[in-house]
Amino acid sequence: MPYIELKRIWTDDDKMLQLEVTASNDGQVTNQDFYAYPDDLTDFGNKLQSFPKSLSDVVSLEYGKDPQFYCYFLLRAIVLDSVGHSALEIMTDNRLEPPVKASSHFYMPSEVATINSFGKILKNWVVDMSLDCRFEWKCA
């Protein structure tokens, strides 16, 4: 069963969060820590709840696009077709050297309603991060 799990590792004085994501599509699994602000997560959750606005709509949360950042993380919602099939795309790269180098890129198929539900759960989690956030679903 596909899933995404978020854990809060640490909060900085300016409220920046260090998070750990673990995600799987049942065949592949990735695990990476990254940084985000609560407002970024809330904004992402809001956009996921109203996804898609069109067949070409893409909603993403990204950290580390600049190669000087120590890692890279991307979680993106995309539309696959006009009948409601969609997917969450995830890319991670720890940007380390072998033998500890790790990177991944895969998709987690879902329905639009599943992505909308994930947005709501993510927004609620930002309000109270005392527990980890785990969201899992059955593929369409």
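## Ground rules

Residues are numbered from 1 along each chain as its sequence is written, and side-chain values use heavy atoms, with hydrogens and water left out. Because the model is predicted, local features need pLDDT of at least 70 and side-chain atom pairs count only at pLDDT 80 or more, while totals for chains, interfaces and linings use all residues.

## Asn 25 in its loop

Asn 25 sits in the loop between strand E2 (17–24) and strand E3 (29–36). Strands (E, at least two residues) and helices (H or I, at least four) are DSSP runs, numbered from the N terminus. Asn 25 is buried, because its relative accessibility is 17%. Buried means under 20% relative accessible area, exposed means over 50%, and partly exposed lies in between (1.4 Å probe, protein chains only).

The side chain of Asn 25 makes two polar contacts listed here. One joins the side chain of Gln 28, at 2.7 Å. Another reaches the backbone oxygen of Tyr 107, at 3.0 Å. A polar contact is a pair of N or O atoms within 3.5 Å; within protein, one must be able to donate a hydrogen and the other to accept it, and residues adjacent in sequence count only if both atoms are side-chain atoms. Leaving out residues up to four places away in sequence, Asn 25 touches Pro 2, Phe 106, Tyr 107 and Met 108. Contact here means heavy atoms within 4.5 Å.

## Salt bridges: a helix pair and a strand pair

Side chains of opposite charge can pair when their charged atoms come close. A salt bridge is a side-chain nitrogen of Lys or Arg within 4 Å of a carboxyl oxygen of Asp or Glu. By this rule, the count is five.

One of them joins Asp 43 and Lys 47 (3.3 Å, N to O). Both residues lie in helix H1 (residues 38–49), four residues apart, about one turn of the helix. Asp 43 is partly exposed at 37% relative accessibility. Lys 47 is partly exposed too, at 42%.

Arg 76 and Glu 89 also meet in a salt bridge (2.8 Å, N to O). Arg 76 is in strand E5 (residues 72–79) and Glu 89 is in strand E6 (residues 85–93), so the pair ties together parts that are 13 residues apart in sequence. Arg 76 is partly exposed at 25%, whereas Glu 89 is buried at 5%.

## A salt-bridge network

Arg 134 forms a salt bridge with Glu 136, with the closest N and O atoms 3.0 Å apart. Arg 134 is partly exposed at 42%, and Glu 136 is partly exposed at 40%. Glu 5 belongs to the picture as well: Glu 5, Arg 134 and Glu 136 are linked in a network of salt bridges.
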